[in-house]
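Please keep the sequence and the 3D view at hand while reading.

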Amino acid sequence: MTTAYITHADCLRHDMGPGHPENPGRLAAVNEAMRSAGMLDRLRCLEAPLADADALKRVHHAAYVDSIFETAPVEGYLQLDPDTVMNPYSLAAARRAAGAGLLAVDEVMGGGAANAFCAVRPCGHHATRGQPMGFCIFNNIGVAVAYALEKKGLERVAIVDFDVHHGNGTEDLFSAPRWQERVLMTSFFQHPFYPNSGTASPARNMINLPLPAGSDGAAVRSAVVQHWLPALEKFEPQLILISAGFDAHREDLLGGLALIEDDYAWLTRELLAVAERHSKKRIVSMLEGGYNLAALGRSAVAHVKSLAEEDLSEAA
Ligand SMILES: [Zn+2]
C-alpha cells in the first residue's frame, strides 16, 4: 500500500494576478520540494480528474456552480470577491482541485493507496455553499466528504483542518442538520483573525479551537491532545480528511502562529494512529494555504513523509 500524490498541471495555470500571495509558485514549490526530497519516486503519482457539476452540487447551491461554469472568463480576469480572482485557466484548476479529492477517495476506498495527498490549488476551505471567498472557489474537502458519504456508503467521516485560518466554508457546509450526525470537524485557527468566524456557538459537530497569535507547537499539541483526539476517538471516523494548510508555520508571515515542520509531522502521526484504529488507515489530505514558499515546501514534505512512512514500517 502506498501514498497517492494527486496533482494536475492545470492547477499551475490558475493565476490571480501579479503580487497575489496565492500564486502558481506555491504549487511549484511543493512539487519541487517533494522531488528534491526523493519523495516522488516513492509515491503513487496520479493526475487529478475534472470534477463534474453534479459532484460540486452535492455541497454547493446548484445556481452557484452554474454561475461559476457560465461566467468563467475566456480572457482576462474576473474578480469574484476582494481576494479571489479567475483567469481563463481557473475553472479547470478549480474542477481539478475538487476532482483530486474525488480520486483520492476512490484510491483509499478501493485499495489503490493507503492514504493520499492532493497537491492542488485553488484552495477550498473558505468557499461556502453559495459563495467564493478567501482564494477559494469550490470547497474541495467538502466535495470529497459528500462523495464519500453519498457514493461510497460511509456512515461517518471526520475533517481535520490545521490551516491558520478558520475553515468557515467547510463549517458552513457541514453545520447543516442533515450532516451533523455523519461529519465531525476538528480545527484550530488563529483568533481573532480572518475570516473572524468559528467562535460564535458553532454546531455541535464542530470542535473549534481558537488560538491567540504567537501560539506555538507546544500550545497546538496540547490543544490537539485535549480536544481533538478524544472527540475523534469517540466519533470513530471511517475516513479522515485533512484540510492541510501550512500557513500556521512560524516563517509564514500571512499568519501569526508559530508551528514548525516537526509539528506537522507530529500531527500527521497522531491522525495516522486514529486512522489505524478506526478508518482502516484511510486518510485523504488536501492542500489549503501556505504562503512562505520555503516553509510550505518543507512542511508539505514533512506531512507527506509521515503519511508515507506508515507504509515503510508496514513493509519492514
Ligand atoms: Zn489559510
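In which sense do strand β3 and strand β4 pair, and over how many bridges? Strand β3 (residues 78-81) and strand β4 (residues 84-86) pair in the antiparallel sense over three bridges. The model is a predicted one, in which local features need pLDDT of at least 70, side-chain atom pairs count only at pLDDT 80 or more, and totals for chains, interfaces and linings use all residues. Residues are numbered from 1 along each chain as its sequence is written, and side-chain values use heavy atoms, leaving out hydrogens and water.

**Strands and sheet**

- Helices (H or I, at least four residues) and strands (E, at least two) are DSSP runs numbered from the N terminus, and two strands pair if DSSP finds at least two bridges between them.
- A hairpin of two residues joins β3 to β4, and D81 stands opposite T84 in β4.
- Eight strands form an open sheet with parallel pairing, in the order β2-β1-β5-β10-β9-β6-β7-β8.
- At the edges stand β2 (44-47) and β8 (206-211), each with a single partner strand, so one side of each has no neighbour in the sheet.
- Within the sheet, β5 (residues 115-118) and β10 (residues 283-287) pair in the parallel sense over four bridges, and F117 has S285 in β10 as its bridge partner.

**Zinc site**

- The zinc ion is coordinated at 1.9 to 2.7 Å by D163 (OD), D163 (OD), H165 (ND1) and D247 (OD); donors are N, O and S atoms within 2.8 Å of the metal (3.2 Å for Na, K and Ca), and sites may look incomplete as water is not among the atoms.
- The four donor atoms subtend angles of 52 to 152 degrees, which makes the arrangement irregular; four donors count as tetrahedral if all angles lie between 85 and 135 degrees, four count as square planar and six as octahedral if opposite donors are over 155 degrees apart and all others between 65 and 115, and anything else is irregular.
- H165 lies in the loop between β6 (157-161) and α6 (168-174) and D247 in the loop between β9 (239-244) and α8 (261-278), so the pair ties together parts that are 82 residues apart in sequence.
- Both H165 and D247 are buried (under 20% relative accessible area, with exposed over 50% and partly exposed in between; 1.4 Å probe, protein chains only).

**Backbone features**

- A cis peptide bond with omega of about 5 degrees joins R121 and P122.
- Another cis peptide bond, with omega of about 0 degrees, joins Y194 and P195.
- S201 has a positive phi near 30 degrees without being a glycine, and S201 is exposed at 71% relative accessibility.
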